[in-house]
Structures are given as C-alpha cells and as structure tokens.
Amino acid sequence: HMKVHPDDVTRVLNCARGHDLMLEIDRFYFSPRKVEESECVCYCLLMFDDLGMVQQWQLKKDTLTRFLLFVKKGYRDAPYHNWYHAFSVFHFSYLVIKNLHLVERGYISSLEALALMVSCLCHDLDHRGTTNSFQMQSGTELASLYSSEGSVMERHHLAQALCILNTDGCNIFDGLSSEQYSRCLDLIRDLILATDLAHHIRLVQDQEKMAAEGFDFHNSQHNQLLLFLLMTCCDLSDQTKDWKVSRTTADLVYQEFFSQGDLEKAMGNAPLEMMDREKARIPDLQIQFLSHIVCPVFKILAQLFPEADCLLQSTLKNRHCWEQASAFFARRWESGHSSLDILR
Ligand SMILES: Cc1nc2ccc(C(=O)NCC(C)C)cc2n2c(-c3cc(OC(C)(C)C)ccc3Cl)nnc12
Ligand SMILES: [Mg+2]
Ligand SMILES: [Zn+2]
C-alpha cells in the first residue's frame with residue numbers, strides 16, 4: 001500500500017513555515033499548474049491556513065501534511081487525471097471561497113467550505129484515465145464492485161478518500177465534534193459522487209432555475225445545488241484560464257480519450273468518435289463541450305455572483321479561440337494534417 005516517509009512531512013512543514021503565499025495565487029487568473037510539484041503540498045497547507053480553516057477546525061499541521069502527501073501519492077500519472085488536476089481543482093475551490101466571500105455572505109457554512117476543499121483534493125483519486133462506460137463495457141474490477149449503483153469511478157474515488165482518512169495519523173477531522181464529523185463525511189460523499197458528468201447533467205436545469213429566481217438563503221435545496229455547482233466549476237476550472245492552459249488541458253484530456261479508444265479497438269469494441277484518434281476533430285469537440293457543459297455552468301455562477309463574470313468571459317473567449325482554430329484546422333485537415341501542432 002502507499003507509504004509516506006516522516007522526512008517528507010518534516011520537509012513540507014519546514015517549507016510552509018515562514019513561507020507566505022506566492023504572489024497573486026489568490027487571483028482567478030493564476031494558473032496552479034505553474035506551481036512546482038514539490039511545493040504543491042506546502043501551498044495546500046498555506047491555502048487552508050489563509051482561509052482560517054487550520055485555526056477554526058483545529059487541523060493539526062502534521063496530520064494535514066501526512067493526509068495531503070497520501071492524497072498526492074493516491075493519484076496515478078495519467079495524462080490529465082493526475083495530482084496536478086486535483087491540485088488545480090482544489091486551488092479553484094480556494095479561489096471561489098475567498099473571492100466570492102461564500103462563507104461570510106452565508107451562501108455556504110464553514111464546514112461546507114472545508115468539505116468542498118477536501119472533496120476537490122480527493123475527487124479523482126486513483127483515476128485510471130478511462131470513463132465509467134469503459135469500466136462497464138470491459139468489466140473491470142471496479143465495475144464488478146460498483147456498477148449496480150452507477151458512478152463507478154466516483155464511488156472508487158470516494159472509497160480511496162475514506163481509506164486515506166482512516167489511515168493512521170491522517171484523520172484531519174479529529175478536531176470536529178462527532179456530529180460535525182458525520183456531516184462532513186456526508187458532504188464529501190455527496191460532492192465526490194456529484195462529479196459524475198451524468199449527475200451534473202441531471203442537476204443543471206435546477207441550477208439554472210435557481211440562478212434565474214435568485215438564491216434563496218432559507219432554501220436548503222438552493223444551498224445543496226450551489227455546492228454541486230461549485231464542485232463542477234472547480235472540476236472545469238482549467239477552462240477559465242488563458243488560452244494556452246485551456247488548449248493544453250484539452251490536449252491532455254484527448255490523450256486519455258484516444259488511449260481509451262485504442263484499448264477499445266484492441267478489445268474489438270468501436271469507440272465513441274470523441275475517443276477515436278482517427279475520427280475526432282478536437283476543435284469542434286471542444287466547441288461543443290464548452291457550449292453545452294462549460295459556458296452554461298459559468299453563466300449560472302456569474303448570474304449568482306457578479307464577481308465571477310470574468311470567469312464566464314474567459315470560457316467564452318476560449319470557445320472563440322477554438323472556433324478560429326476549427327476554421328484553420330478544417331483547411332489543414334482537408335490537406336491531410338491532423339495533429340494540434342498547427343495551433344502551437
Ligand atoms: C477539456 C475537456 N474536454 C472534455 C471533452 C469531453 C468530455 C466528456 O466527458 N464528454 C462526454 C459527453 C457526453 C459530454 C469531457 C471533457 N472534459 C472534462 C471532464 C469533465 C467531466 O465532468 C464534469 C466535470 C462533471 C463536467 C468528467 C470528465 C471529464 Cl474528462 N474536463 N475537461 C474536459
Ligand atoms: Mg472525475
Ligand atoms: Zn476531475
């Protein structure tokens with residue numbers, strides 16, 4: 001099983017001591033993928049501390065450090081679904097909590113903010129770079145464990161998160177009351193399961209209705225819909241950064257998709273066009289993904305929080321870039337070139 005060396009904990013704690021947050025790390029345009037891998041865990045500590053979470057929830061720094069190191073080790077080196085994805089999703093939860101003043105304004109409780117941050121860190125633990133339908137079609141061991149309930153990968157990510165929390169010296173919630181502890185685990189369960197795309201698609205109309213009506217602080221359903229919306233926004237946050245980040249991320253996602261497509265072909269199954277490196281037209285697929293999934297989500301966020309309008313604008317700008325790339329790509333595609341190198 002995974003192991004974390006005590007020297008690793010000491011090294012991170014020394015790095016965090018007297019270290020102040022990197023300039024502008026708390027701005028929406030900051031890209032967490034710029035942080036050195038060896039400094040990520042230290043920055044997680046600093047972000048928890050910056051939001052007053054360490055103080056408020058009596059988080060012990062060595063326990064939190066050990067937990068973070070286990071989470072980091074719990075990710076595989078898939079092209080996209082790796083530790084850097086988890087770190088960047090976590091960083092975005094820090095950004096929205098801090099910049100939209102979600103707790104001070106009473107949109108979410110401090111416990112919900114803590115659960116959101118921890119869920120972001122753990123939400124894709126031990127991802128293999130393949131989709132839920134791939135698990136089912138190829139009858140993986142995860143499918144045999146979870147396929148009857150659906151959300152196969154998300155149930156595995158949750159199981160891995162609970163396993164780390166139950167590892168000696170990693171229970172960051174041992175300063176919470178038993179009632180707060182069970183509430184926090186319920187939230188983490190709901191939030192990680194909410195990262196299943198199918199779950200999001202079922203909820204998005206209710207989230208749009210909530211944004212149109214205006215957030216009702218006395219409606220617990222609005223509180224829950226907002227938490228799921230925030231989770232999805234964090235999971236998609238690369239698309240709110242500049243074009244280079246947005247395009248690079250798409251590259252990584254399609255590396256995973258095309259590897260899955262190759263596997264499916266080798267198994268005699270026909271992959272989705274999106275997963276078939278011979279057929280997929282990435283710019284057009286990205287225009288669809290941004291139009292149908294990404295921009296609608298950040299439109300809802302911007303309707304609820306005017307400060308978030310810059311995020312919506314970034315996703316629209318990135319979609320425009322893909323539209324220009326698509327026109328250019330179509331011309332090159334016709335003349336036999338197929339890689340994204342033309343966009344470099
Ligand atoms: C750049 C980028 N392109 C993507 C292109 C297509 C798809 C895809 O699954 N299309 C299937 C059809 C039915 C829509 C996802 C993409 N994607 C994600 C992503 C989001 C996820 O789910 C949430 C977060 C709940 C939306 C889950 C998994 C992933 Cl990989 N993250 N970045 C990307
Ligand atoms: Mg996921
Ligand atoms: Zn994710």
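What follows is a short chat about a predicted model of a protein with a ligand.

Biologist: What should I know before I start clicking around?

Modeller: Residues are numbered from 1 along each chain as its sequence is written, and chains are lettered from A and ligands numbered from 1 in the order in which they are written. This is a predicted model, where local features need pLDDT of at least 70, side-chain atom pairs count only at pLDDT 80 or more, and totals for chains, interfaces and linings use all residues; side-chain values use heavy atoms, with hydrogens and water left out.

Biologist: What is the average pLDDT of the protein?

Modeller: The average is 95, and 98% of the residues score at least 70. pLDDT is the predictor's confidence in each residue, from 0 to 100.

Biologist: Where is confidence lowest, and where is it highest?

Modeller: Lowest is helix α1, residues 6-16, with a mean of 90. Highest is helix α6, residues 110-122, at 99. Helices (H or I, at least four residues) and strands (E, at least two) are DSSP runs, numbered from the N terminus.

Biologist: And what ipTM and pTM does the complex get?

Modeller: The predictor gives an ipTM of 0.98 and a pTM of 0.96.

Biologist: New topic. Which residues come nearest to ligand 1?

Modeller: Leu197, Asp235, Gln239, Gln286 and Phe289, out of 14 residues around the ligand. A residue counts as near if one of its heavy atoms lies within 4 Å of the molecule or strand in question.

Biologist: How much of ligand 1 does the protein bury?

Modeller: Alone, ligand 1 exposes 680 Å², and the protein buries 79% of that. Accessible areas come from the Shrake-Rupley method with a 1.4 Å probe; for residues, only the protein chains shown count as cover.

Biologist: Which helices each supply at least two residues of the shell around ligand 1?

Modeller: α13 (243-266) and α14 (282-304) do.

Biologist: How many of the shell residues are nonpolar, polar or charged?

Modeller: Nine are nonpolar, four are polar and one is charged. Here Ala, Val, Leu, Ile, Met, Phe, Trp, Tyr, Cys and Pro count as nonpolar, Asp, Glu, Lys and Arg as charged, and the others, Gly among them, as polar.

Biologist: Now salt bridges. How many does a search of the whole structure find?

Modeller: It finds 18. A salt bridge is a side-chain nitrogen of Lys or Arg within 4 Å of a carboxyl oxygen of Asp or Glu.

Biologist: Which residue does arginine 128 pair with?

Modeller: Aspartate 126, with the closest N and O atoms 2.8 Å apart. Aspartate 126 is buried at 11% relative accessibility, while arginine 128 is partly exposed at 27%. Buried means under 20% relative accessible area, exposed over 50%, and partly exposed in between (1.4 Å probe, protein chains only).

Biologist: What does arginine 281 bridge to?

Modeller: Aspartate 284, at 3.4 Å from N to O. Arginine 281 is partly exposed at 24%, and aspartate 284 is partly exposed at 27%. Elsewhere, salt bridges that share partners join Arg76, Asp126, Arg128 and Glu141 into one network.

Biologist: What about aspartate 276, buried or exposed?

Modeller: Buried, at 5% relative accessibility. The side chain of aspartate 276 meets that of lysine 279 in a salt bridge, 4.0 Å from N to O.

Biologist: Last one. What is phi at glutamine 58?

Modeller: Near 50°, a positive value in a residue other than glycine. Glutamine 58 sits in the loop between α3 (53-56) and α4 (61-73). Histidine 101 also has a phi near 50°, and lies in the loop between α5 (83-99) and α6.
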